[in-house]
Amino acid sequence: MRKELDVNYTKFGDFDSLYWDFNYRDGRLTLHYNIYTGVSLFPTVFEDAKEAENELVIQVGALLLKKLSEFDGLLDEIIQ
């Protein structure tokens, strides 16, 4: 079985930002959190990213949006 997400990641940051670099499928991605601007996801090599790495960002983004939607639905059920 192939591991899609390598949980060995690098975390670094400062007071208002955190970065997590991680392997997903065949690419290296960075998840960035900033207390002012929110969350962003991009290929770690950014300017030199290959099309496949950009596609991975789209896939992960779609998965996160789906999970967020499911969570919002659960909250709606709890509140009502």
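A polar contact is a pair of N or O atoms within 3.5 Å; within protein, one must be able to donate a hydrogen and the other to accept it, and residues adjacent in sequence count only if both atoms are side-chain atoms. Keep that in mind. Here is one case: the side chains of T30 and D21 make a polar contact of 2.5 Å.

Some ground rules. This is a predicted model, where local features need pLDDT of at least 70 and side-chain atom pairs count only at pLDDT 80 or more, while totals for chains, interfaces and linings use all residues. Residues are numbered from 1 along each chain as its sequence is written, and side-chain values use heavy atoms, with hydrogens and water left out.

Back to T30. T30 sits in strand β3. Helices (H or I, at least four residues) and strands (E, at least two) are DSSP runs, numbered from the N terminus. Is T30 buried or exposed? T30 is buried, at 3% relative accessibility. Buried means under 20% relative accessible area, exposed means over 50%, and partly exposed is in between (1.4 Å probe, protein chains only). Who touches T30? Leaving aside neighbours within four places in sequence, its contacts (heavy atoms within 4.5 Å) include Y19, W20, F22 and L41.

Two strands pair if DSSP finds at least two bridges between them. Strand β2 (residues 17-24) and strand β3 (residues 27-34) run antiparallel, joined by eight bridges. Y19 faces H32 in β3. The β2–β3 hairpin has two residues between its strands, and R25 in the turn has a positive phi of about 50°.

On the other side of the topic, β4. Six bridges join β3 to strand β4 (residues 38-43), also antiparallel. L31 stands opposite L41 in β4. Three residues link β3 to β4 in a hairpin.

Next, N23, which lies in β2. N23 is partly exposed, at 24% relative accessibility. N23 and T44 are 21 residues apart in sequence, and their C-alpha atoms are 9.6 Å apart.

Last, charges. Side chains of opposite charge can pair when their charged atoms come close. A salt bridge is a side-chain nitrogen of Lys or Arg within 4 Å of a carboxyl oxygen of Asp or Glu. How many are there by this rule? One. E70 pairs with K67, with the closest N and O atoms 3.7 Å apart. The two are three residues apart in helix α1 (residues 51-79), so about one helical turn separates them. E70 is partly exposed at 42%, and K67 is partly exposed at 47%.
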